[in-house]
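I am opening a notebook page for one protein model. I will go through it piece by piece and write down what I find.

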Amino acid sequence: MNRSWERPAMSDVRTNEAEKRHAHPDFDAARFPADARVRVLARRFPPYHRDSPCLAILDRFLHDPTLSAAAVVDDAMRPVGLIDRYSLVEQFLHPYSRDLYHKHSIAAFMDPEPVIVEADSSIDDLSRIIIDAGMRHMVSGFIVTEGGLYLGIGSGHDLFEEVANRKQNHLYHLAHYDPLTSLPNRLLLNDRLKRACLRGQRGGYRIALLFIDLDRFKLVNDTLGHAAGDQLLQGVAGRFAACVRKVDTVARLGGDEFTVLLEPVQGPDEALAVAAKLAQSLERPFLIQNHEITTSASIGVVLFPEHDATVEGLMRKADAAMYCAKREGRNRFALFTEEMNSTVVERVTLESYLNAALEKGEFCCHFQPQMATADDRIVGVEALLRWTNPVLGRVPPLKFIPVAEETGMILPLGLWALETACAQQVRWLSQGLPPLRMAVNISPLQFRNREFCDQVRAIVQRTGIRAEHLELELTESAVMADAESSVGILRQLRDSGIRLAIDDFGTGYSSLSYLRKFPLDRLKIDRSFVSGIDRIPANELIVKAIVALGGSLGLDVIAEGVETPEELECIERCGCSEYQGFRLSEPLTAEDFAHWFEDSGYV
């Protein structure tokens, strides 16, 4: 039998050592992925046959101090044992030991139960095997096989370095990457933005920062749950990453906020083109939990060094531009201007005062009458939220309602308004007023709250209002965001005797097939179709179409925003059964409404 590999010549030892010295400086456990295989730890040292003399391996150990162990194989190259450097060398430290043992074979000194692991096993599996087999194998090492045949030898030192480096990499990843989307987080973005600014300053080129906020993301969470919201964020992250270059950075700051760092850019046009591409990537629906979810984003764009030269300034101004884009109607992008700073300051001021306003009793409800066109009879009122702050004065709803929705403050505020309105209706009854219908606006966030139906029923019971005297006004977007779920919620409310209306009808995206399923009582024509209806033929046609649609579905139709006699005459001609607006009365305090009702002569 040819056993030329039994005892390598000195030239072979030097060659192997040289090869190892050239190969293993490149060995870097930190480069291995988390699912790295044991193969990467295998050093290709020649094995020894179990019949080889022990002096052969002794010479190898003496000439190669880096070799901690050697494999022992049978004729078929299957591992049968492992020679530990330290146990063997220790035997030959005694006087005359070489002469005594030179005829002994390796088998007399080998460990017959070494750790043997396949090359394609995971590093984690190897670690567990060594722990179970005994930590001594961290010193002696382990044998790596491929298909059961010897491939190489591994050391505990290399395994330890691999595990330690992977742990460091894992901690680094946790500290610098978002666990949900695997995108860079705020910490890593700040570092990259800082370095980009330094490079831009040295190179004399521009960089761009895009601040992105998903529109109405909370509605998805409230409708389908946080698991669906997480899937949507992951899908958005993937589409954003596909829109930019490899040198650019897409990061998630938290919640539904993302940023994109573009380095370099030629100017604002290039940055705005990327913003448009990001917005366009969201037009295709996401399929989540068998639902097609469509979302959009508001994007703010800022440039270095034109708009700011600091990380903090760029972030703040990109956020300011994003907020202005959102305020303009969402699904927009905007380039920063200095005027935006004052807008952001105003928003922050509103938010800070808004947080304590409910507790301090700064809110009240005003009530706008609703009249039947057929007999000039007051049939109901709409409760409208008003805020007067000691510092800010009267804050228009168009300013504070969007902030309340974005911060979630609309949930407690909406419940307060609902309870206040119901209690006022009961109070008017005790004062001798007729049982007027009380219409209350409901935020989409309220409607999607899983406890909403129970909260409404509890308020009805607490205040003593009769359910049929309460009408909840919902927007088309609120009920159509998840139409199937909305049907169930609306039916629960309707079964409790509560009336239901679609507010601002005609401005959303109602599906007629679903409109037939919704247990509604009323359609409310948006004021944009009523304004100038006597002068704009298209508005009159739209109002007539809505009235006809309502009639076919057995629904009453009310027009809001009627301000002139001409508009009133026109909506009566179109067949609207009710109306409200300044032509009848402006919104009034509860006390003023009672006086107005008594003095007006309306029955």
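This is a predicted model: local features need pLDDT of at least 70, side-chain atom pairs count only at pLDDT 80 or more; totals for chains, interfaces and linings use all residues.

**Entry 1**

I looked up the strand order and found an open sheet of 3 strands, S1-S2-S3, with mixed pairing. Strand S1 (48–49) and strand S3 (79–84) are at the edges. Each of these two has a single partner strand, so one side of each has no neighbour in the sheet. I then checked how strand S2 (residues 69–73) meets S3: the two run antiparallel and are joined by 5 bridges. Across that pairing, Ala70 stands opposite Ile83 in S3.

**Entry 2: the sheet with S4, S5 and S6**

Another open sheet has 3 strands in the order S4-S5-S6, and its pairing is mixed. Its edge strands are strand S4 (116–118) and strand S6 (149–154), each pairing on one side only. From one strand to the next, the twist averages 35 degrees. I looked at S4 beside strand S5 (residues 142–146) and noted a parallel pairing over 3 bridges. Here Val117 stands opposite Val144 in S5.

A reminder to myself: strands of a sheet pair through backbone hydrogen bonds, either parallel or antiparallel.

**Entry 3: strand S12**

How many of the 8 residues of strand S12 (residues 297–304) are buried? I counted 8 of the 8, so the strand is largely enclosed by the rest of the structure. Buried here means under 20% relative accessible area.

In a regular strand the side chains alternate between the two faces of the sheet.

Next I looked up the partners. Strand S7 (residues 206–214) pairs with S12 in the antiparallel sense over 8 bridges, and Ile212 stands opposite Ile299. S12 and S13 run parallel, joined by 3 bridges. The bridge partner of Ile299 in S13 is Phe333. The chain goes from S12 through H12 to S13, and I noted this β-α-β crossover as left-handed.

**Entry 4: helix H13**

Helix H13 (residues 339–357) has 19 residues. From its first C-alpha to its last it reaches 27 Å, close to the 27 Å expected at 1.5 Å a residue.

Its buried residues are Met340, Thr343, Val344, Leu350, Leu354 and Ala357. An α-helix has 3.6 residues a turn, so residues three or four places apart point the same way. On the face turned away from the buried side of H13, I found the exposed residues Ser342 and Val345.

I also looked up what covers the buried residues of H13: the cover includes helix H12 (311–327), strand S13 (333–335) and helix H14 (397–407).

**Entry 5: residue Ile498**

Ile498 is in the loop between helix H19 (483–495) and strand S19 (499–505). Is Ile498 buried or exposed? Its relative accessibility is 1%, so Ile498 counts as buried.

Leaving aside neighbours within four places in sequence, Ile498 is in contact with several residues, among them Val456, Val460, Leu493 and Asp521. I also checked Arg457, which is 41 residues from Ile498 along the chain; their C-alpha atoms are separated by 9.2 Å.

Key
Residues are numbered from 1 along each chain as its sequence is written. Side-chain values use heavy atoms; hydrogens and water are left out. Two strands pair if DSSP finds at least two bridges between them. Helices (H or I, at least four residues) and strands (E, at least two) are DSSP runs, numbered from the N terminus. Axes are lines fitted to C-alpha atoms, for helices over the stretch in contact, and angles run from 0 to 180 degrees between N-to-C directions. Buried means under 20% relative accessible area, exposed over 50%, partly exposed in between (1.4 Å probe, protein chains only). Contact means heavy atoms within 4.5 Å. The expected span of a helix is 1.5 Å times one less than its number of residues. A crossover is right-handed if, with the strands pointing away from the viewer, the path from the first strand over the helix to the second runs clockwise.
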